[in-house]
Amino acid sequence: MESDPVPLGVPVVQTSWPAHGLDVDGLRRSGWEPLPFTEFVVKIHSRCNLACDYCYVYEMADQSWRDQPKTMSRRVFDDALRMIADHARRFQVPAVDLVFHGGEPLLVGHRDLEYFARSARESLEPITEVQLGVQTNGVLLDPEFLRICARWNVRVGVSLDGDESGNDRHRRDRRGAGSYTRVAAGIMQLTTEESRHLFAGLLCTIDVANDPVRTYEALLAFRPPAVDFLLPHGNWMTPPPASTADHTATPYADWLIPVFDRWFRAPELETRVRIFDDIIDLLLGGSVTSELLGLAPIRLAVIETDGTLEQVDELKSAFAGATKLRTSNVGNPLDLALLEPSIVARQIGADALSETCRACSVQSVCGGGHYVHRYRADNGFRNPSVYCADLTKLIHHIGAQVRTDLAAAITDDRSATMSAPTIGIDDAAAELFTGYGTESAVVRMTSDMLTVRLVLLRALITEVTAHHPEIDAAAGLSDAYRVLTELEESHPAAVEALLVYPHTGVWLGRVLHRVRNASDDREPTPLWADCGYLGWLAAAAVVTNLPSGSMRIVVRNGEVMLPGIGMARVGSAGDYGHCELTWVDGAIRIVAEGSAPIRVASLADESDPAWLPLRRVHGGNGEPEVVLDDLDPFRDLPSGTAPRLTADEFGTWREDFAQAWQLLRRDFPGYLTPMRACLRLLTPLTARPVAATIGHTAFSGTGCVYTTAPKDSCEMAGSLIHEIQHSKLAMLADQVLIVDPDPTCRFYAPWRDDPRPILGLMHGIYAFFGVTDFWRVHRHADCHRSMGAHIEFERWRSQLATAMVEASGSGLLTERGEEFMSALTAGVRPWADEDVPADARDAVAEILVAHRTSWQVRNRRSDDAELAELAELWVARAAPPAILPSVRYVDQETIPDRYRDLHIPVRLRLHDQAAASSVAPADLPRGTRAYLAGESAEAVELYALELRADPLLPQLWAGLALSLPELFPDNNFSVLNDRAEVAARLYQRLLSDGTETDVVELVRWLSDRPRTDI
């Protein structure tokens, strides 16, 4: 691994995230508030009768156990109970879990355990519901302990690592003797008829040297109600036992997968396995409270034997002092701890995750992994888990197995009259791998998406009816589901179309997140009102397919939306309630309490301001209609709002779409064919054109193109190709694993200013395959036969080639991913022979150099120790090393705003210097202005001067990368092309050390190193 382990017992000052960098006050100003603690681990004994070699308490970074009293006194325990009771009373906590822990908690003896259990119930039960537990190594379990646990209803969990050989490899006593025989004897007493109800389960720490299935079956022999497999605690500084320098290796997933297959394929449920249950629940949209998985807030505190309040004790595996909290003599320590950054970080869900995790497709399931496993000294806990690759592989495996089983079950349930795909998944994937695809391939992927939507919808219904019946009643969720299932019998295609409707996916994602985080939900819209969207979907289905009827549906924010049809405004903003919808032969009547009835004779009629129909655009006779949706509240809008188009504005959009469709039909049939099956909605982000066109695809709502108003029909055609490419790949990647997990690597996408995860890079490649092809053909059209169009083609062709090399060399493509890349490469290969004017090639060459240099300086940094060694070599005027300092990636949230945009309008410089200067922003560096004017010498001089004031400004280094080769054509400045961040960071260090340095000479020195490594 990259760093030395932290020495045992040496305190580490917390100078990294979240202790530094998490703005708790800012979170509270935005409306966030912490959730009270509900789980308490009470360390009633600090010593242990075993000497397990992987124990995070005794064998890892923090050795503070040595300073703790051996046993928690009764006085200290009573004080702890008062603290918990006061906290529960103040925050009206409905229930708490209190676990007796250690060390080995049973070392306290029978009398103290009885006192602790009785006192806990007597002190806390008048205030809140109490669940008691004890986690023991099982060696001391005897009938008297079990009688005490039965008397006070204390559930018992036991640690056991499998069969005798597997357990005794690590779990030995202080004389070196194995513990298995004694633990097994204790468990056998726990499994008797009179004690079995106390058995909470077995906890097993994974050792990949043990046979996985044999280990599981050895645990099963005790008939445990649950098994909890634990990943051995480790982090990026102190790696897990089986880790290697290859961060993509998955030894723990490879161990767990055979256990899952054995467990999942058993003819009946033999036991619950927490990690597997949790992953399945999260995949199906459920919620779990787990430190290892998901994004639910962690509400756990530890009380040491001396009464000190601390964070979860697994943090002791990270560094000495990691569990410590600030102390105060005023107020309840539990109340005060809620605002500690390290506690807050575990309650803010995805906001606490690294950029890598937030961009990951399994973020909502993995949740970044166990917080403890994310630690790295330089940036604290804002990293992926050291088990990232393992978790991702395990989640994908379980997801594939569950999806297969559920698809079969759903297929059995679905009406035989519903449309079925006519092509297999492998053939559909192969067609989409080409970059184009067919209608049948898209239909196949849509069918699989329907399966997933049905699973998610059923998960939502189950969760709401089981845990939130009041929401079910207010939203009419079960009633709406019943309407849809009944309608499916006579109109299966209509129901299917609404379930794959793009906004249905966006709605499902949002509302499932809210439901499974209901206790922490602070959205202004009532949750029941958001759940009411299913009633709107059902209403839209029956209004258009049944001759007459009525339904009670939700009014949300004064509005009633019939997806795909239109919106009724039945009240004012902020109004939430219900209305009665009746319809007869397509005419509708809506009556809400306190409002005048709304009558709509024709659903397309725009004469009543209270009824806003959705309009439609289409590409001509015989072409499918596409809904232009400027109304639905579940559109995925970056700004939260977008305008309703006026009649004139809609007319422009309709005309641009029709002309764009004709252009696609004439010149781009390979893209139009799958687009016919994929494109369902067009959502305007602006009513009129803006300076820079913006578009996106919501991956949970594929089939909808979001875009700003196009400048012309050509721009519309390009946007449709671009975004539908994203939709196709989103559906494909949901069904076919094309990339392996990406735990730490970040990749260069020439069209982005930030590093991308591998799946994000693949999305860009697939989308810009279409964009490149568009400009390859369209640059010859009469409307765009210009230098700018040639530059567009050359730019995208070059950037696409760069990105494809980046992805192919990542080592993360699966076998199917290699097939995908091979098929795309075959499609791109002939484009290399296309001619472009020399000016266009020169302009694009400058664009690529400037962007790559700027990207490196903006997003990468160097190892500090290695940089110090490099600085010493420079000062000594020694030869530069062949291997430059290793790369680290910068946390995107720490990048100053002024570093975020690269404004070097080089594409215009070669053929229109006046235009280049006219579009230059006001804050353009002076060196760049000189460069645009063709004054290379002055540009270099000004860049050097500006770098003294801001040595890490990416735009300045990009300018040097362009101007230095012009001024000194025979010199080597290659470091600015491949490792520009080293030049920038070294120059910054030298300046801060007071070492006078000529930046041009420094770049020459770094570039003249032996070329054995870049």
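Begin with the second largest cavity, whose lining comprises eight nonpolar, three polar and two charged residues (Ala, Val, Leu, Ile, Met, Phe, Trp, Tyr, Cys and Pro count as nonpolar, Asp, Glu, Lys and Arg as charged, and the others, Gly among them, as polar). The model is predicted: local features need pLDDT of at least 70 and side-chain atom pairs pLDDT 80 or more, whereas totals for chains, interfaces and linings use all residues. Residues are numbered from 1 along each chain as its sequence is written, and side-chain values use heavy atoms, without hydrogens and water.

This cavity has a volume of about 110 Å³. Select Ser243, Asp246, Ala249, Val386 and Asp390, which are the closest to its centre among 13 lining residues. A cavity is a set of points on a 1 Å grid over the protein atoms alone where a 1.4 Å probe fits but cannot get out; lining residues have an atom within 4 Å of a point. A volume is the space filled by probe spheres set on the points, which are joined across faces, edges and corners.

Next, turn to the largest cavity, with a volume of about 150 Å³. Of its 20 lining residues, select Gly294, Ala296, Arg346, Gly367 and Arg374, the closest to the centre.

Finally, select helix H4, residues 143–151 (a DSSP run of H or I, at least four residues, numbered from the N terminus). Phe145, Leu146, Ile148 and Cys149 are buried there (under 20% relative accessible area, 1.4 Å probe, protein chains only). These four lie on the same side of H4, because they cover an arc of only 155 degrees around the axis, taken from the directions from the helix axis to the C-beta atoms. After H4, display Asn153, which has a positive phi near 55 degrees.

Notes
On a 1 Å grid over the protein atoms alone, a cavity is a set of points where a 1.4 Å probe fits but cannot get out, and a pocket is an open set with protein on both sides within 12 Å along at least five of seven lines; lining residues have an atom within 4 Å of a point. Buried means under 20% relative accessible area, exposed over 50%, partly exposed in between (1.4 Å probe, protein chains only). Helices (H or I, at least four residues) and strands (E, at least two) are DSSP runs, numbered from the N terminus.
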